[in-house]
Amino acid sequence: MSDRTPDETVCPLCGVGCRLKPTADESRAQGVAAPANPDGRLCRNGVTAFDTPDDRLTTPLVRRGGELRPASWETAYERVEASFGSILRADGPDALAFLGAPHCTNEENYLLQKLARMLGTNNVDNRSRLCHASTARILEDRVGWPATTNSLAGLREADVILVAGANPAERQPVAFNSFVRPAVNDGATLVHIEPAGNRTTRLADIHVTPRPGTDALVFDCLSRRLLAAETGVDRSFVDARTRGFERFAASMADAEPAAALTAAGVTGETIEAVASRLADADRIAGLVGTGIEGGTGALNAPEALLNMLLLTGNVGRRGSGLYVLRGLANEQGAADAGCVPDRLPGHQPVTAATARERVESEWGVAPPPTPGKTATALLESFGGEIRGALVVGENPAISKRDREWVQRRLDAIDSLVAVDLVANETTRHADVVLPAAAGTEKAGTFTNLERRIQRSRPVQTPPGEARPDRDILADLGTRLTDRPSAFEYADAGAVFDELCRVAPTHAGLSDAAIGEGGRQWPAGEGGEDADPLYRERFETPDGYARFGTAQPFVEPDATDELRLVTGGRTTDRSAQGPAAPVLRINPSDAEERGLDDDVDEAAEALVVVSNGDVSVRATPEFDPGVRRGTAYLSADAADPLLRRGIEVVSVRSADAER
């Protein structure tokens with residue numbers, strides 16, 4: 001490696017945003033104290049953050065005669081220019097798709113959406129929008145911004161911490177150990193709402209195990225208990241800062257408590273235990289992961305949780321609020337930068353004339369007013385309405401769809417251009433492959449799960465001819481649009497400054513103002529972080545937060561089969577292959593299915609089957625912390641099931657197969 005002085009950068013792996021620098025011999029990463037990581041410790045993945053795959057792409061590839069062959073950058077660019085130009089002339093801009101990624105910097109996601117919109121389409125998306133879609137939209141609709149409301153440091157002041165549909169002890173270990181664990185050690189109550197216990201459960205005071213998809217009913221039961229007892233309800237906050245309370249309270253009174261408990265599969269004693277802690281608490285924080293997304297039927301867990309936080313006056317104060325536990329390095333930033341089909345930079349609707357005018361004043365071109373297709377809809381349209389696609393740091397081939405169906409879609413379009421670090425399932429179908437720099441090899445900014453923007457600097461050199469995505473996108477912008485000067489930037493800082501001029505969330509910020517500790521958006525008065533959000537008013541048209549109503553009634557599960565529960569996927573960079581195929585099951589469920597609890601763990605002992613044609617073999621782990629009626633697999637191991645949309649499985653001994 002080079003002999004230059006090591007510099008600090010941002011860990012490119014998860015959403016906590018630890019700062020790091022190379023060790024003296026540059027073989028490993030070491031942490032640097034920062035707001036999101038106050039003691040500078042790293043998790044085991046962070047220590048290896050500077051490790052890069054051996055099979056890096058190092059030169060552009062262009063398909064000739066059915067095979068991808070090395071080419072010069074000029075040749076590769078000419079192929080993209082010719083193929084995309086032909087599509088634009090024949091079918092217009094909406095025949096193109098642009099897919100970004102939460103591993104790309106703010107500047108790169110900004111340039112990708114700018115390229116799409118200056119060409120005339122809103123067909124731009126990234127997978128992070130799907131991860132927390134319900135939570136983000138409820139936050140946006142009810143209080144203002146689709147983002148975490150408080151800083152991580154505020155968790156140390158919480159009296160009760162509710163963790164739902166998440167496992168931060170494993171998925172965000174630095175944040176968990178730096179903020180959640182100290183709060184619990186100081187007397188805070190940790191409530192974990194999760195059908196299958198995990199590492200987070202080990203620290204919890206109360207473990208609530210609802211039926212999968214019914215977290216919303218648990219939150220409603222808690223709100224109903226607080227309303228009925230008239231304890232824990234902050235009427236001064238409700239009256240002064242919210243709207244819709246009377247309607248919310250009436251809907252709660254009309255609902256049937258026993259039916260909700262039965263549907264959720266929790267006891268009244270459990271609700272009473274949690275509600276009593278909430279009633280006694282001054283500050284309550286809710287931490288949510290992807291596990292509360294997509295509830296059963298019309299249930300909306302983020303809405304029900306936000307109702308409960310508003311009811312208790314726990315938004316807009318330190319030690320409270322709703323935390324979105326985003327998993328990947330720049331999930332928040334990708335959406336902030338406008339890399340979504342219906343929002344411009346700063347979460348402004350593409351349908352809003354004032355928002356389009358703001359962008360036009362900077363670009364000289366107005367974005368189209370009609371929302372584009374989502375990533376899911378774009379993939380479904382490959383070979384139909386979509387004839388060309390630019391995929392930057394993303395791998396749509398691993399979408400939760402049948403593998404052969406996805407491959408047919410990728411092969412169906414006229415021009416597939418992939419920008420990535422290594423060859424993957426998507427690049428194998430591409431017509432042009434452009435080698436990209438890794439996160440530790442380029443300059444830019446990342447926004448972590450607490451809205452903190454941090455500067456990333458290159459501490460490694462890209463191999464071969466690999467280039468930062470920012471440079472690649474700027475080059476494509478000068479070639480594909482009729483305003484090449486709009487893509488001429490001196491450096492990453494110039495791109496970020498333009499983002500700050502366009503995005504209301506970033507108003508008052510700049511590359512120069514970020515500093516070494518980073519800055520949260522929106523900019524607070526006097527140069528300080530706006531922590532927490534909504535201290536004085538909510539970012540709604542009238543400044544008030546809004547309650548929803550009680551969740552709809554749902555019928556309890558009646559199936560004798562098991563509901564499939566999956567954990568988070570390993571991050572792309574840290575994955576060392578599929579997770580170990582271990583299936584966790586309640587001992588009573590195992591006994592009912594004739595499974596032996598002294599099974600040889602070296603043997604494949606279970607077959608997980610659904611619909612008779614999809615199966616996953618796994619070693620059983622009999623765990624009383626897993627709710628009866630559920631079966632837990634890692635998302636990697638469950639991939640064949642998830643691709644078919646399977647939610648219910650049967651489990652039997654593999655011996656029955658022989």
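**Exercise 1. Asp282 and its partner**

Task: Classify Asp282 as buried, partly exposed or exposed, then find which side chain it meets in a salt bridge.

Solution. 
- Step 1. This is a predicted model, so every value here is computed from predicted coordinates. Asp282 has a relative accessible area of 44%. Buried needs under 20% and exposed over 50%, so Asp282 is partly exposed.
- Step 2. The side chain of Asp282 meets that of Arg317 in a salt bridge, at 3.6 Å from N to O. The cut-off is 4 Å, so the pair qualifies.
- Step 3. Asp282 sits in the loop between α12 (268-280) and β12 (284-288). Arg317 sits in the loop between α13 and β13 (321-324). The pair therefore ties together parts 35 residues apart in sequence.
- Step 4. Arg317 has a relative accessible area of 23%, so Arg317 is partly exposed.

**Exercise 2. The five-stranded sheet**

Task: Give the strand order of the open sheet of five strands, name its edges and place the helices α7 and α13.

Solution. 
- Step 1. The order is β10-β9-β8-β12-β13, with parallel pairing.
- Step 2. β10 (206-208) and β13 each have a single partner strand, so they stand at the edges. One side of each has no neighbour in the sheet.
- Step 3. On average, neighbouring strands are turned by 20° against each other, direction ignored.
- Step 4. β9 (residues 189-193) and β10 pair over three bridges. Val191 stands opposite Ile206 in β10.
- Step 5. Helix α7 (residues 173-185) lies across β8 (160-164), β9 and β12, at about 120° to β9. α13 lies across β8, β12 and β13, at about 150° to β13.

**Exercise 3. A buried arginine**

Task: Decide whether Arg627 is buried or exposed, and find which backbone oxygen lies 2.9 Å from a polar atom of its side chain.

Solution. 
- Step 1. Arg627 is in the loop between β26 (614-622) and β27 (630-634).
- Step 2. Its relative accessible area is 13%, so Arg627 is buried.
- Step 3. The backbone oxygen is that of Gly265.
- Step 4. Beyond four places in sequence, the contacts of Arg627 include Pro195, Thr209, Arg211, Asn586 and Asp589.

**Exercise 4. The nonpolar cores**

Task: State how many residues the largest nonpolar core holds, and describe the surroundings of Phe98.

Solution. 
- Step 1. The largest nonpolar core has 111 residues. Among the members that touch the most others are Phe98, Tyr110, Leu115 and Leu390.
- Step 2. Beyond four places in sequence, Phe98 contacts Phe84, Leu112, Leu115 and Leu390, among others.
- Step 3. Another core, of 35 residues, lies apart from the largest one, and includes Leu13, Ala36, Tyr323 and Val459.

Definitions and conventions. Residues are numbered from 1 along each chain as its sequence is written. This is a predicted model: local features need pLDDT of at least 70, side-chain atom pairs count only at pLDDT 80 or more; totals for chains, interfaces and linings use all residues. Side-chain values use heavy atoms; hydrogens and water are left out. A nonpolar core is a set of buried Ala, Val, Leu, Ile, Met, Phe, Trp, Tyr and Cys residues joined through side-chain atoms within 4.5 Å. Buried means under 20% relative accessible area, exposed over 50%, partly exposed in between (1.4 Å probe, protein chains only). Contact means heavy atoms within 4.5 Å. Helices (H or I, at least four residues) and strands (E, at least two) are DSSP runs, numbered from the N terminus. A polar contact is a pair of N or O atoms within 3.5 Å; within protein, one must be able to donate a hydrogen and the other to accept it, and residues adjacent in sequence count only if both atoms are side-chain atoms. Two strands pair if DSSP finds at least two bridges between them. Axes are lines fitted to C-alpha atoms, for helices over the stretch in contact, and angles run from 0 to 180 degrees between N-to-C directions.
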